[in-house]
Amino acid sequence: MPEEVLFETEQTQSRSEIATYLRTVADKLEDGKSVTLTAGDQTVTLTPPERPTFEVKSERETGSGRDELSLELEIEWTEGDDGAGGSLDIE
């Protein structure tokens with residue numbers, strides 16, 4: 001399936017700044033509000049359904065001299081679909 005990137009940004013931030021950003025997103029999700037992402041001249045507003053799919057992934061990329069680790073948090077849904085259930089624990 002072809003992919004259309006609606007918004008993308010990457011920047012170095014402190015752990016505290018990232019946590020604040022994630023809290024803002026979490027608050028909007030919990031309150032059932034839209035999430036608007038803005039960086040420079042890019043902006044997109046998304047309204048996740050009540051039950052989207054939540055994917056958590058950790059990866060290690062090797063081969064460039066130093067390993068790069070990542071933690072990816074992805075919320076996805078099909079337009080017009082309310083999603084399905086499941087459970088996930090974060091410790």
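Reader: Where is V56 found?

Author: V56 sits in strand β3. One thing before we go on: this is a predicted model, where local features need pLDDT of at least 70 and side-chain atom pairs count only at pLDDT 80 or more, while totals for chains, interfaces and linings use all residues. Residues are numbered from 1 along each chain as its sequence is written, and side-chain values use heavy atoms, with hydrogens and water left out.

Reader: What makes something a strand or a helix here?

Author: Both are DSSP runs, numbered from the N terminus: a helix is H or I with at least four residues, and a strand is E with at least two.

Reader: Why is V56 called partly exposed?

Author: Buried means under 20% relative accessible area, exposed means over 50%, and partly exposed is in between (1.4 Å probe, protein chains only). V56 has a relative accessible area of 38%, so V56 is partly exposed.

Reader: And what about F7, buried or exposed?

Author: F7 has 18% relative accessibility, so F7 counts as buried. You'll find F7 in the segment before α1.

Reader: Which residues does F7 touch?

Author: Leaving out residues up to four places away in sequence, F7 touches L37, T38, A39, Q42, T43 and V44. Contact means heavy atoms within 4.5 Å. F7 and Q42 are 35 residues apart along the chain, yet their C-alpha atoms are separated by 6.6 Å.

Reader: Which residues make up the largest nonpolar core?

Author: There are six: F7, V25, V35, L37, A39 and V44. A nonpolar core is a set of buried Ala, Val, Leu, Ile, Met, Phe, Trp, Tyr and Cys residues joined through side-chain atoms within 4.5 Å. Strand β1 (residues 35–39) gives this core its largest share, three residues.

Reader: What makes β1 and β2 a pair?

Author: Two strands pair if DSSP finds at least two bridges between them. Five bridges join β1 to β2 (residues 42–46), and the two run antiparallel, so they pass that test. T36 stands opposite T45 in β2. The two strands form a hairpin with two residues between them, and G40 in the turn has a positive phi of about 60 degrees.

Reader: Which residues form the nonpolar patch on the surface?

Author: The patch holds I18, Y21, L22, L29, F54, V56, L71, L73, I75 and W77, with about 870 Å² of accessible area together. Patch residues have over 30% relative accessible area and no salt bridge; like charges are joined within 9 Å, and nonpolar side chains (Val, Leu, Ile, Met, Phe, Trp, Tyr) within 5 Å. A salt bridge is a side-chain nitrogen of Lys or Arg within 4 Å of a carboxyl oxygen of Asp or Glu. Accessible areas come from the Shrake-Rupley method with a 1.4 Å probe, and for residues only the protein chains shown count as cover. α1 (15–31), β3 (53–61) and β4 (68–76) each supply at least two patch residues, and α1 gives the most, with four.

Reader: Why is S70 called partly exposed?

Author: S70, in strand β4, has a relative accessible area of 23%, so S70 is partly exposed. S70 touches K57, S58 and E59, not counting residues up to four places away in sequence.
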